[in-house]
Amino acid sequence: MTGTELSPEDQLRLNILMMANQVQGVRIDEGAMTLYALTDKGEARVPLHPNCRADQYLHRVKEFLGGHALGSPGGYPVYLQRWTRMGQTSDKNLDALLLLGEPEAVVAVAHAPSLTDEIARRAWWCQPTMEMARWMLEKEAVINGQMGKVLADFLIEHLPFEESPDARMHTIRLVLYGKLTDEATTAKLWRMAKGVPYYFIGFLEFMPDSLPRDESARADFAEAEARLTPLIESGNAYAERLLALLSANGQTWLKAVSEVLARPSTSLVAYALLDAISRYFYPMGYPVTADTLEEVFPHAEAMVKNEIESPEALAALLQAVPELARSIQSMLALSALTSKLADPWLLRNTSVGALMRRKMEPMVKPIQFEVDVLRSPGH
């Protein structure tokens, strides 16, 4: 026996495993010195019998696996490690990477743009973690496949155990984007968001016009609807968006925005909120453009007062409901928000929680004011 060989028993059993079965995935429990294999016949278990130090022996086992899967006796090729998390793994190697017993190789598969539902199933068997579930749910093939619901259910079940606010926010965004929750689960997540406001981000992004209703329509909604319906029927996107804001759903949307504004836990939450607000106003375009937040509000006011040129559809809206000019001004201001405008407060802000919120107050306060205007009848 040379210093690089497996013990005879392991050599025999691993060779039989690889030759007699269609192996779909391999994982190694290093603490228990046991290799597990997912095969077309089910799960196989191979206890390992080291003939040297445990770490050295595991390296030999991985060399064996690498030689079988990739024709590379060195195990998981080092050069691949530099590319896996950038989604640069070769599509041809995805199934082979799951046979190496290397956690980083499984991560490579999760990040691969061409990940399929079947390969996701195998990767999930190899490494069932919250990170893996999130990475794989970023792929449309997985969202639309059988694994989409499996991963979403796992993430929701384990959500309370996730420590990172950003990761928890991303989890909600993924499951709502993929429409992977039933009505009861969606309602449950909405209720949870009332105590954890950044959960609202996913709803604001991907369910803005069909939120679970918490608010009633604004008191002047019915009158506005009667006067704006002709404009909406003629295709006036400004009238459509204003009426949407005055509706029960719109008031619920504004309340959720207000809740997140009041308690953003990290800079990523704040950036995501501004992007969600911007996305909401996409149907009417972005008539107000500004390089800084300070420019947004006077620009919106000048447009409403006809001090600068405005689109014909906006002028028609102002003519139809002149008493709502202030609400229209707020709508225009909110439509101009982008994540880039938050850079002066967030780009080099490494604080979180209450300290971050104090630093953000000059940014949050004027935005909150415009939200409040849209929640108040008679403006």
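This report describes selected helices, the nonpolar core and several individual residues of a predicted model.

## The nonpolar core

The largest nonpolar core holds 131 residues, and within this core Leu35, Met136, Trp253, Leu317, Ile328 and Leu332 touch the most other members. Helix α16, which spans residues 267-280, gives the most to this core, contributing nine residues. In soluble globular proteins, nonpolar side chains tend to be buried together.

Leu317 can be followed in more detail: when residues up to four places away in sequence are not counted, Leu317 touches Leu228, Leu231, Asn236, Tyr238, Ala239, Leu242, Ile328 and Met331. Among these partners, Ile328 is itself listed with Leu317 as one of the core residues that touch the most other members.

## Helix α2 and its surroundings

Helix α2 runs over residues 54-70, and its 17 residues reach 24 Å from the first C-alpha to the last, which is close to the 24 Å expected at 1.5 Å a residue. An α-helix has 3.6 residues a turn, so residues three or four places apart point the same way.

Just after α2, Gly71 takes a positive phi of about 70°.

## The pair α14 and α15

Helix α14 (residues 237-246) and helix α15 (residues 248-262) have axes that come within 4 Å and cross at roughly 75°. Angles of 65 to 115 degrees count as roughly perpendicular, and α14 and α15 are therefore roughly perpendicular to each other.

On the α14 side, Ala244, Leu245 and Leu246 take part in the contact, meeting Ala248, Gly250, Gln251, Trp253 and Leu254 in α15. By class, this contact of α14 with α15 comprises six nonpolar residues, two polar residues and no charged residues. Trp253, one of the α15 residues in the contact, is also among the core residues that touch the most other members.

Most residues other than glycine have a negative phi, and most peptide bonds are trans. Met33, although it is not a glycine, has a positive phi of about 50°, and Met33 lies in the loop between β1 and β2. Because its relative accessibility is 12%, and buried means under 20%, Met33 counts as buried.

Asn306 likewise has a positive phi, near 60°, in a residue other than glycine, and Asn306 is placed in the loop between α17 (293-304) and α18 (312-320). With a relative accessible area of 60%, Asn306 is exposed.

Arg173 is located in helix α10, which covers residues 165-177, and with a relative accessible area of 21% Arg173 is partly exposed. Leaving aside neighbours within four places in sequence, Arg173 is in contact with Ile201, Gly202, Glu205, Phe206 and Ala272. From C-alpha to C-alpha, Arg173 and Lys340 are 20 Å apart in space, while 167 residues separate them in sequence.

Ser330 sits in helix α19, made up of residues 325-335, and Ser330 is buried, having a relative accessible area of 0%. Apart from neighbours within four places in sequence, Ser330 is in contact with Glu370, Val373 and Leu374.

Technical notes
Residues numbered from 1 in each chain as written. Predicted model: local features only at pLDDT ≥ 70, side-chain atom pairs only at ≥ 80, totals over all residues. Heavy atoms only, no water. Helix = DSSP H or I, 4+ residues; strand = E, 2+ residues; numbered from the N terminus. Buried < 20%, exposed > 50% of the residue type's maximum accessible area, 1.4 Å probe, protein only. Contact = heavy atoms within 4.5 Å. Core = buried A, V, L, I, M, F, W, Y, C linked by side-chain atoms within 4.5 Å. Axes fitted to C-alpha atoms, helices over the stretch in contact; angles between N-to-C directions. Parallel < 35°, antiparallel > 145°, perpendicular 65-115°, else oblique. Nonpolar A, V, L, I, M, F, W, Y, C, P; charged D, E, K, R; others polar. Expected span 1.5 Å × (residues − 1).
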